[in-house]
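Here are a few friendly notes to read alongside the model.

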Amino acid sequence: MAARILLIEDNDQNRYLVTFLLERQGYDLVSARDGLHGIELARERTPDLILLDIQLPTMHGYDVARALRRIPALADIPIVAVTSYAMVGDRERALAAGCTAYIEKPINPESFVAEVGSFLSPPDGDCQAPDDSRS
Ligand code: MN
């Protein structure tokens, strides 16, 4: 089964680009334009990975990350901040809020897909299998 990814992003162009890139790769994408809807979708769909914009309307991305981490079913899933914030300390703030990692915008379409994949288990028949000794 394809990994399910939740994208929380208010910018239409970014949302279309990320959705296009990841759906083309075979992922099951669901997206929200704001934090509250994103949290609702996360509860309903239990994604394998969450991509979280930090500059969001009404609810800041760091607060969204904290709220997601308080949901027991989502405590261990990767939350990757995707943001154009480039100020010193933002990476640390994202991690302190519960994010697993940080990808800077503008995203590079080629490396982005690989980066996202690195947070998920490899799809069947693709990538190298983990070292399995067939003795
Ligand atoms: Mn934004």
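Is R66 buried, partly exposed or exposed? R66 has a relative accessible area of 37%, so it counts as partly exposed. Please keep in mind that this is a predicted model.

1. **The pair around R66.** R66 forms a salt bridge with D63, and their closest N and O atoms are 2.8 Å apart. Both residues sit in helix α3 (residues 61–69), and because they are three residues apart, about one helical turn separates them. D63 is partly exposed too, at 36% relative accessibility.

2. **A pair in helix α4.** R93 and D90 also meet through their side chains in a salt bridge, at 2.9 Å from N to O. They lie three residues apart in helix α4 (residues 90–96), about one turn of the helix. Here D90 is buried, with a relative accessible area of 1%, whereas R93 is partly exposed at 38%.

3. **A pair across the chain.** R33 and D12 form a salt bridge with their closest N and O atoms 3.1 Å apart. This one links distant parts of the chain: R33 is in the loop between β2 (28–32) and α2 (35–45), while D12 is in helix α1, 21 residues apart. The whole structure has seven salt bridges.

4. **The manganese site.** The protein donors of the manganese ion are D10 (OD), D53 (OD) and Q55 (O), at 2.0 to 2.2 Å from it. D10 lies in the loop between β1 (4–8) and α1 (12–24) and D53 in strand β3 (residues 49–53), so the pair ties together parts 43 residues apart in sequence. D10 is partly exposed at 31% relative accessibility, but D53 is buried at 3%.

Conventions: Residues are numbered from 1 along each chain as its sequence is written. This is a predicted model: local features need pLDDT of at least 70, side-chain atom pairs count only at pLDDT 80 or more; totals for chains, interfaces and linings use all residues. Side-chain values use heavy atoms; hydrogens and water are left out. Donors are N, O and S atoms within 2.8 Å of the metal (3.2 Å for Na, K and Ca); water is not among the atoms, so sites may look incomplete. Helices (H or I, at least four residues) and strands (E, at least two) are DSSP runs, numbered from the N terminus. Buried means under 20% relative accessible area, exposed over 50%, partly exposed in between (1.4 Å probe, protein chains only). A salt bridge is a side-chain nitrogen of Lys or Arg within 4 Å of a carboxyl oxygen of Asp or Glu.
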